[in-house]
Amino acid sequence: MSRKGLLRWGGRLTTALTVAGLGLVLLPYFWMLSSSVKTGSEVFDLPIKWLPEAAQWGNYPDALSRGKFPTYFFNSAVVAFAVMAGNLVFCSMAGYGLSKFRFPWREACFRLILSTMMLPIEIILVPTFLVAREFGLVNNYGGLIVPLAVDAFGIFLMRQYIKDLPDSLIEAARLDGCGEFGIFWRIILPNCKPALGALALLTFRDNWDQFLWPLIVASKDTLKTFPLGLAQMEGIDSAAYHEIMAAAVVGMIPTALVFLLFQRAFVRGIALSGLKE
Amino acid sequence: MAESYAPAAKVRPKAGFDDRLPLGAAWGGRLSLRARLRWAGFLFVLPALLHLLIFKFYPMLEAARLSFFRYDLLTPPVFNGLLNYKAIWENPLFHQSFWVSAKYMFGVSLPEWFLALGLALLLNRRMPGQPLIRLAYFLPIAMSQIVVAMVWKFMYNPLGLVNTLLGFVGIGRTNWLSTEETALPALIAIGVWRGIPLFGVIYLAGLQSIPKEYYEAATIDGAGPWQRFVHVTLPLLMPTILFVMVMSLLSAVKVFLNPLVMTEGGPNGTTRVLPYFIYETGFAYYRMGEAAAASMVLFAFVFGLTLIQLRLLRRGGVE
Amino acid sequence: MRRFLVVLVFMAVAVALAAGSASAQGITWWEHSNPPHNKYSQELVADWNKKNPNAQVQYEFFAMTPYFKKLSAALSTRSAADMFTVIDTLLPGFTTKNVLAPIRPEWLGYKDLDDMKKAFLPGALEGYIHEGKLYAVPPIASVFSLYINKNHFKEAGLDPEKDYPRTWEDIAKVGQKLVKRQGSTITREAFDFAMHSSAWTMWYMEALTRQHGGSILDAAGKKCTANSEAGVKAMEVRSMYARKHKISDPTVSVGTNALPADDVPKGRVSMFISHAGSVAQFGPKVMEHIKVVPFPQVNPAKPVSIVYGFALAVNPHIPEAKQKAVHDLIKHVMANPKEWYDKTSYPFPSADFLQLPGMEVAKKTRYLDVFVGDIKTGVFVTRSPHFIEIADAMHRAMERVVLKGEEPKKSLDQACTDIDRALAKK
């Protein structure tokens, strides 16, 4: 077989494997989806029941009526969006500063920032709560959002990505008399679309899933986030798992939507043509 | 084809240039250009830095301080010196948790480093239905953590999906979450299942930043796919690779929801990762001071590990 | 996209600033999530709010497992609710540190504590008393009893009314006829203990150890006695169904079962120990073929069973006047025992509970007399501020014996080492 033919078959095989791998990856999802329309007693039937006897679509409205799910969804959405926005702006700025500038103690700053990711959140829960309280950020949206608005993860990500952007871009803009912030806004950010897309997606997902911090900082039922609502559906030793699965399926939709939205950012090949090396 | 097609790191022009170059009065005329740039850099970092200092670093200092106190959450802390450290050193449960965490960390990260890159390369190719296939592969991270725990617990049931599938390949029925030898590997598998799409997204972003032109140039020079990978992709992807290596360890070290929900740290403590030990000791056993001490040990370990990684990869021209 | 980001940031800031913090009007009440009784609590609150427009109650409930973490964190930062529900096992953790206000029987309409005790079933308040003071008022007294599947019994040629087991040995005997196997795998367990949390393990082990004449901690609560002869026998009973008699599935554990009490309605187990609230959770259809019988004993002449409950506690940091208001709320919540039982199926611990009008029917259809019988012979689990740590050590010991086949004495010795180490700390 010719080299080209081999490559073509290799390509087809890879595609086939990709799709097969998909099947494995998606099996848990399929079980979740099918469980969401089973009756309560069918969910944990063993051996596994793949399809319910009769699809119980009523599980969805039932699940969402337990506790104020529309409110929980709204709260999770607000928190996820706001924190995502905060991270996108502040992390990209910090990443830029840490990678394209030199100032004293720069590396120390970077290590300090990294170190904030190294302690498990449980141990800083109570001190963080006290700090939030000092700022009046307890039991309101501010408390849910502000303490999470910047995360070292984003800073690290953006720093690594911006590092690789050619300095010549920046120098050219300076020569043109562009202000520093202008350079950031008009040159750097547009060239960071893939990283910003990745950061947006991951930050949104992480904060949609916030459980422990909202539990501690808010007590009002109207401020609970979606995972808190989900956890509440479990009693001491009994739970309506079919309804929990239904609620969980609905809970996945926003993250999936955000992913599809930011798909365009993962477009191949940033055109850097017209640039003199 | 020895040289890479990426602009070599060493040949990059310095960030600051000739002081004598005239510039617009963006920052006022007094400061030299170098000083102006220094300030600009710092100001870019400042907002994030302030935020982290207030909401993360200060609480961390508090936790460090608490590690020298006896604190049960409900009554005021009492100074304790190094007794907390002594207590956890003498606690076999702490040692067990430390090793469980170490095993978990490396068990999850190492596969992630390679498999996530493989996934990203795979999804970078043009194929029919690409957006949907990508979405499907990234779905594991869209699932809420609690739901992941519930679903996988059911899948690991002796009569569940995992054993059914393995049965097709002739592997006998294992009681994954109830046997001491298999419980931790079972949890590691879940960590990897979730981690690969997550880091795949990041690798994908990194791959997107490599300009087509370099690949085209390499192909023209006769480079095959493997050589393109080694001489174009890898060097340019280095910052991303460093990120993934550091971050996968950092996020693996903080995991504790799955062991909490799926096995409660069992059987016999074989899945009690260090954050679980810390959470339990602090909030369930009311010994916050000891929990803080354990956190400090964890912190020192992770910080050290990260510094080593940063240094090692600096030699590869990344820093 | 950038403009979009800017707009988002401004929106976020605006929202953050606009939403003010909660104003502290009225009374706040926190509970853990427990579907059967949360609904009734909410009804009580709605009722109170109608009658007391000037002192509205704000009721919140939280997922069970993190609830107590949140409560601890809130108590430590003085931001807890005015009234909150506490489970009896965790009460010593709070009372020994003075983070609960003592209950004033006078404010609840009694002369003093002794007077109040008379209004409750004997011993019902013991679990909530510390150093002579009462710290929480229980609207429920839950107890563990044995649920058996009448159909399985009949199938095996047994009479569920006469042949039900009274002792642990009986369970082994009867179990041989009820268990179903396929080769060496058990397809239907005759009996099993719930494995899904260390608190349940503690309840079982406490009952078994006491029945054998011992206890998990010594009388002063300062030393572990779980590895005494009584304790070893208790562990042997705990593990014998899986290991010796093979009527329990030895692979069942925390990791395998999402819903242990689900096994009863599904018919996967013929006999199962569960609490009084399960009657409502299983539902009338399932209960048609389930019978509840008293908790199994070592010596039926000296019965010991296990009780537990949730109770209403008062925040000590609120002013006197508010504490009085909370007591009024407690009175309101405790006002109607029959309604409590009807709506939640948890027995109410008042002394005259069984004699209330309408209870005759419940005795016949909902096994109320069995539950109350067990409550009367019930003990609360050992009081200790280190309860969770003790429970975890016992749970690990149980796992080693049941899942790995370790020797009970060895396992309990290890547990006692762990427990003594915990008790040694303040």
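Predicted model: local features only at pLDDT ≥ 70, side-chain atom pairs only at ≥ 80, totals over all residues.
Helix axes are taken here as lines fitted to C-alpha atoms over the stretch in contact, with angles running from 0 to 180 degrees between N-to-C directions. The axes of helix α8 (residues 198-211) of chain C and α17(C) approach to within 8 Å and cross at roughly 80 degrees. Since angles of 65 to 115 degrees count as roughly perpendicular, α8(C) is roughly perpendicular to α17(C). On the α8(C) side, the meeting involves C:Ser198, C:Ala199, C:Thr201, C:Met202 and C:Met205. Their counterparts in α17(C) are C:Ala391, C:Asp392, C:Met394, C:His395 and C:Met398. Sorted by class, the residues of this contact comprise six nonpolar, three polar and one charged.

Chain C contains 18 helices and 14 strands. Its radius of gyration is 23 Å, close to the 22 Å that the globule rule gives for 426 residues, so chain C is as compact as a globular protein of that length. Along the principal axes, the C-alpha atoms of chain C fill a box of roughly 65 × 65 × 45 Å. Of the 426 residues in the chain, 52% count as buried. Among contacts in chain C with a separation of 6 or more, 75% are between residues 24 or more positions apart.

The domain assignment divides chain C in two. Domain 1 spans 26-141 + 309-335, while domain 2 spans 144-306 + 383-424. A distance of 31 Å lies between the C-alpha centres of domain 1 of chain C and domain 2 of chain C. Where the domains touch, six residues of domain 1 of chain C are in contact with eight residues of domain 2 of chain C. The domain 1 side of this contact has three nonpolar, three polar and no charged residues.

Chain C also reaches a neighbouring chain. Here, 24 residues of chain C are in contact with 28 residues of chain B. By class, the side of chain C that touches chain B has seven nonpolar, eight polar and nine charged residues.

Chain B has a further interface, this time with chain A. The contact takes 86 residues from chain A and 84 residues from chain B. Helix α1 (residues 3-35) of chain A gives the most to the chain A side, with eleven residues. The residues on that side divide into 58 nonpolar, 15 polar and 13 charged.

A:Leu199 lies in helix α10 (residues 193-208) of chain A. The cut-off for a buried residue is 20 or more other C-beta atoms within 10 Å of its own; A:Leu199 has 29 such neighbours and therefore counts as buried. Leaving aside residues up to four places away in sequence, A:Leu199 touches A:Asn87, A:Leu88, A:Cys91, A:Gly154, A:Leu157 and A:Met158. Between A:Leu199 and A:Ala172, 27 residues apart along the chain, the C-alpha atoms are separated by 27 Å.

Conventions: Residues numbered from 1 in each chain as written. Chains lettered and ligands numbered in written order. Domains from an automatic or database assignment. Contact = placed C-beta atoms within 7 Å. Nonpolar A, V, L, I, M, F, W, Y, C, P; charged D, E, K, R; others polar. Helix = DSSP H or I, 4+ residues; strand = E, 2+ residues; numbered from the N terminus. Rg over C-alpha atoms; globule rule 2.2 N^0.38 Å. Buried ≥ 20, exposed ≤ 12 C-beta atoms within 10 Å, placed from the backbone. Parallel < 35°, antiparallel > 145°, perpendicular 65-115°, else oblique.
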